[in-house]
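Colleague: I'd like to learn how to read side-chain features in a model. Could you walk me through this one?

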Amino acid sequence: MNLNKKLPEYLLGKYQLIGTVTFSVLFAIVFLNIYIPFSETAWFGLGNSDLFTKTLIFVFTGIFLLSISRTLMYKSRSVMEMTYLGYTLWCIAEIIAIAGLYTWISLSIDEIELGRAIKLFTRALTYGSIALGVPYLIAGMYFAIIDKNKTIRLMSYENVITDEVQVPGKSLQKVTLFDNGGALKLSLSLDSLYYVE
């Protein structure tokens with residue numbers, strides 16, 4: 001795949017970005033709840049009120065960072081053309097920011113020497129890549145499937161029986177409009193279209 005190719009619009013839509021952040025947060029929460037009991041570096045805790053407060057700060061700050069990042073991505077799509085490489089680097093930057101946030105909060109809890117802090121950041125980066133990278137891939141594939149289904153549906157509307165007179169040798173070109181849910185709202189022949197506002 002050419003990484004400098006333009007990213008499809010279905011990955012940069014408002015609802016797609018909201019869906020990606022929501023799914024990523026839910027996936028990360030489930031993943032971290034499975035991972036925490038087996039981790040020697042996890043400080044998340046519900047029994048200790050100080051740790052619980054820091055856990056909430058981490059979770060809400062992480063959600064805020066992802067929301068701001070995806071909002072900037074959505075707003076910047078009209079200014080700059082997003083490529084596959086740019087999108088990948090953007091996602092990696094989000095993962096690094098979340099791993100840095102985790103490391104910073106961990107350092108505020110315990111006094112850790114530099115070597116252990118680097119190891120902690122590396123581990124946070126690994127688990128952050130799983131907790132955010134996997135839902136990014138799944139969301140991307142899901143939206144790609146939805147887009148392909150819309151394309152297939154559009155192609156199948158060319159074979160719909162119509163009462164319009166078709167000139168032999170000339171294909172009937174149609175304009176089809178769908179709502180946000182993907183349901184067909186209007187389909188008419190291009191020859192029947194006189195004015196659009």
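Colleague: Which residues form a nonpolar patch on the surface?

Modeller: This is a predicted model, where local features need pLDDT of at least 70 and side-chain atom pairs count only at pLDDT 80 or more, while totals for chains, interfaces and linings use all residues. Residues are numbered from 1 along each chain as its sequence is written, and side-chain values use heavy atoms, leaving out hydrogens and water. Patches are made of residues with over 30% relative accessible area and no salt bridge; like charges are joined within 9 Å, and nonpolar side chains (Val, Leu, Ile, Met, Phe, Trp, Tyr) within 5 Å. A salt bridge is a side-chain nitrogen of Lys or Arg within 4 Å of a carboxyl oxygen of Asp or Glu. Here the nonpolar patch is made by F23, I130, V134, L137, I138 and M141, which together have about 500 Å² of accessible area (Shrake-Rupley method, 1.4 Å probe; for residues, only the protein chains shown count as cover).

Colleague: Which helix gives the most to the nonpolar patch?

Modeller: Helices are DSSP runs (H or I, at least four residues), numbered from the N terminus. The largest share comes from α4, with five residues.

Colleague: Is F23 buried, partly exposed or exposed?

Modeller: Buried means under 20% relative accessible area, exposed over 50%, and partly exposed in between (1.4 Å probe, protein chains only). F23 has 31% relative accessibility, so it counts as partly exposed. I138, at 36%, is also partly exposed.

Colleague: How many aromatic pairs does the structure hold?

Modeller: Rings of Phe, Tyr and Trp (its six-membered ring) pair if their centres lie within 6.5 Å; planes under 30 degrees apart count as stacked, over 60 as edge-to-face and the rest as tilted. There are four such pairs. In one of them, F23 and F27 have ring centres 6.2 Å apart and planes at 50°, so this pair is tilted. Both sit in helix α1 (residues 14–35), and because they are four residues apart, about one helical turn separates them.

Colleague: Why does the pair of F31 and Y127 count as tilted?

Modeller: Their planes are at 40°, with the ring centres 6.2 Å apart, so the pair is tilted. F31 belongs to helix α1 and Y127 to helix α4 (residues 114–156), so the pair ties together parts that are 96 residues apart in sequence. F31 is buried at 17% relative accessibility, whereas Y127 is partly exposed at 26%.

Notes:
Helices (H or I, at least four residues) and strands (E, at least two) are DSSP runs, numbered from the N terminus.
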